[in-house]
Amino acid sequence: MPFRLFIDSATGVTLEPEWDFARPDEKIESTFRTRSAARFVYKWAGFGRTKFSLNFVDSATQCSINSWWGGNQELLFMEVGGTDVSSVQITNAKKPMAAFNKPYQDLYKGKIELESY
Amino acid sequence: MGYDVSSSFLESANSKSPADLVRKFMIGTSDYSEFVNKWPTIKRRYDDVRPMSVSLTLPNVNGEFNFFKDSKVNLRKVCAFKFGFGAETITPFSGTVKRVAYSGASAKLTIEDKFKQLSERKVGTREAPVVYSGSTFLPSDIVWDAVTCYGGLSSIESTSNPDVDYAAWLEYAAVFSADTVFTDAKFEGLKVTEVLRKVRRMTDSAIFIENDQLIFRRFGLAETSVNTFDDTNVKDISISIDDDDMINQQFVLADFDTDTGEFQIEVTETLSGSVNSYGLREQTESDKSFWYVNSSSALNLAQRKTQTAGAPFERPTIRTGLSGLLVQIGDTVSVVDSFFGDSNIWRNLGYSFNMDTGAVDMNADESQIFRLFRLDISELDGFDVLGG
């Protein structure tokens with residue numbers, strides 16, 4: 001199932017995530033239990049997270065992804081054909097597309113981590 | 001007394017999982033909430049008459065907070081922390097910037113509340129002292145003058161006063177008026193906050209800031225409305241009983257002669273039951289800047305001090321979540337606790353509100369509740385007196 005990671009309608013890449021695609025959204029909240037074990041939770045905010053692996057990515061796509069990662073580019077992310085568009089940034093700790101897909105020296109692999117902002 | 005909020009605000013504060021929690025940090029009319037990484041803890045006490053400050057370290061990567069450096073008058077902008085649910089918020093803290101420290105890509109702001117202004121201004125000078133004489137001034141008159149004429153706060157005599165809770169001040173004045181408590185004073189350059197501290201101590205009253213207003217109170221009988229907590233909304237409760245705070249023989253020096261430098265009156269109030277039970281605990285209150293003009297006025301303080309300190313009273317710390325948020329200083333609380341059982345009624349005298357986690361710690365006190373009748377069982381000989 002293809003997804004689009006893009007800046008605008010003219011600038012973007014189409015990605016085919018592997019089966020490890022996941023959306024582990026997070027909450028920012030405080031919790032405590034009272035003396036009767038009643039649980040109180042104060043949810044201050046939440047943000048979306050998306051993680052997936054990519055294989056056999058061409059060099060143009062690889063360059064775009066790594067460049068956006070390096071510049072903390074604000075991006076949009078959606079499933080091709082879908083309507084739900086998320087505002088995201090690439091939040092990998094290290095360069096996301098940094099390895100070749102054996103035996104190819106012009107196709108790349110990596111893991112992408114996206115978070116809403 | 002409590003914040004003036006709607007029933008839905010109350011419901012949300014008591015909810016286990018309230019929706020639409022809102023935290024805001026405003027500088028003037030601009031909202032900088034998104035820059036706050038860690039929200040401050042706000043602490044208040046009924047007797048802490050000095051500027052309270054909170055600090056925030058904010059990201060300044062794109063120079064968002066350079067406007068303080070570019071125009072220093074921006075330090076006078078009012079900074080406010082707001083907390084609430086949806087569109088309805090309260091203001092637990094508000095003040096002006098005391099210090100901005102730029103370091104790397106961050107800016108650390110230290111913000112102080114309204115007491116800051118009062119700590120920067122004086123009442124009188126050595127050459128031109130401010131004198132209250134004639135034995136016609138209530139303590140409330142003197143503090144009103146101090147904060148408005150000399151402290152620069154609003155002198156509007158109605159509930160629209162933005163700086164002073166006028167309704168509370170009227171009640172404060174009524175207490176002294178009803179007891180005919182009169183004072184004189186001579187201030188030769190004391191800071192306004194120092195004047196307030198003296199009056200607070202010499203009248204055993206409460207002076208604090210809440211909702212960005214200065215509040216004056218002299219606690220009396222327990223209100224009929226008591227905030228009750230129990231195991232379903234209390235995280236923890238601890239109770240301390242301190243023998244050190246006891247006073248059962250209070251001396252008050254009054255009628256100070258500014259020419260001779262001597263007090264003309266000394267009154268004494270002794271709580272003999274307490275002396276018999278706990279031994280003699282004496283204290284003297286006197287002040288050469290602010291003093292009672294006659295015996296009856298001085299006795300008013302002496303009696304109050306022995307009533308509030310004549311026994312080792314319970315001082316609980318009650319730890320809750322947001323259900324404790326709306327309990328303000330002076331409100332009465334009780335706790336039904338599985339370990340301690342049903343509690344006495346206590347008065348909330350201070351709190352700490354952690355805006356980051358929503359935790360509220362209340363510091364209550366049994367001593368500042370005046371009951372119509374208090375049976376001191378220490379005066380009874382023993383079970384044979386009761387005929388049991």
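1. B:Asp204 is buried in this predicted model. Its relative accessibility is 8%, and a residue counts as buried because it falls under 20%. B:Asp204 has a charged partner: B:Arg304 forms a salt bridge with B:Asp204, with the closest N and O atoms 3.1 Å apart. The pair joins distant parts of chain B, 100 residues apart. B:Arg304 sits in helix H8, while B:Asp204 sits in the loop between H6 and strand S12 (206-210). B:Arg304 is buried too, at 9% relative accessibility.

2. Now look at the helix that carries B:Arg304. Helix H8 of chain B covers residues 295-309, which makes 15 residues. From first C-alpha to last, H8 reaches 21 Å, close to the 21 Å expected at 1.5 Å a residue. Its buried residues include B:Ala298, B:Leu301, B:Ala302, B:Lys305 and B:Ala309. What covers them? The cover includes helix H6 (192-203) and strands S16 (249-257), S17 (262-270), S18 (282-285) and S19 (290-292) of chain B.

3. Strand S19 holds B:Trp291. Is B:Trp291 buried or exposed? B:Trp291 counts as buried, at 4% relative accessibility. Beyond its sequence neighbours up to four places away, B:Trp291 touches residues including B:Phe182, B:Lys186, B:Phe256 and B:Phe263. The C-alpha atoms of B:Trp291 and B:Asn276 are separated by 31 Å, although the two residues are 15 apart along the chain.

4. B:Arg44 lies in strand S3 (residues 41-45) of chain B and forms a salt bridge with B:Asp113, with the closest N and O atoms 2.7 Å apart. These partners are 69 residues apart, and B:Asp113 is in the loop between strand S7 (106-112) and helix H3 (115-118). Both residues are buried. B:Arg44 has a relative accessible area of 8%. Its side chain also reaches the backbone oxygen of B:Ile209 at 3.1 Å. Leaving aside neighbours within four places in sequence, its contacts include B:Met52, B:Phe93, B:Leu349 and B:Tyr351.

5. Turn to the interface. Here 13 residues of chain A are in contact with 25 residues of chain B. The area buried between the chains is about 1500 Å², and carbon and sulfur atoms give 58% of that area. A:Arg35, A:Tyr42 and A:Trp44 supply 51% of the area that chain A buries against chain B, more than any other three residues.

6. There are also polar links between the chains. Nine residue pairs are in polar contact across the interface, both residues being at pLDDT 80 or more. On the side of chain A that touches chain B, strands S3 (26-33) and S4 (39-47) each give two or more residues. S4 gives the most, with six residues. By class, that side of chain A has six nonpolar, three polar and four charged residues.

7. The count of salt bridges between chains A and B is three. A:Arg35 meets B:Asp236 at 3.0 Å between the closest N and O atoms. This pair runs from the loop between S3 and S4 of chain A to strand S15 (residues 234-241) of chain B. A:Arg35 is partly exposed at 30% relative accessibility, and B:Asp236 is partly exposed at 33%. A:Arg35 also meets B:Asp231 in a salt bridge (3.7 Å, N to O).

8. Over all chains, the whole structure has 25 salt bridges.

Terms used
Residues numbered from 1 in each chain as written. Chains lettered and ligands numbered in written order. Predicted model: local features only at pLDDT ≥ 70, side-chain atom pairs only at ≥ 80, totals over all residues. Heavy atoms only, no water. Contact = heavy atoms within 4.5 Å. Buried area = accessible area lost by both parts, 1.4 Å probe. Salt bridge = Lys/Arg side-chain N within 4 Å of Asp/Glu carboxyl O. Polar contact = N/O pair within 3.5 Å; in protein donor to acceptor, adjacent residues only side chain to side chain. Helix = DSSP H or I, 4+ residues; strand = E, 2+ residues; numbered from the N terminus. Nonpolar A, V, L, I, M, F, W, Y, C, P; charged D, E, K, R; others polar. Expected span 1.5 Å × (residues − 1). Buried < 20%, exposed > 50% of the residue type's maximum accessible area, 1.4 Å probe, protein only.
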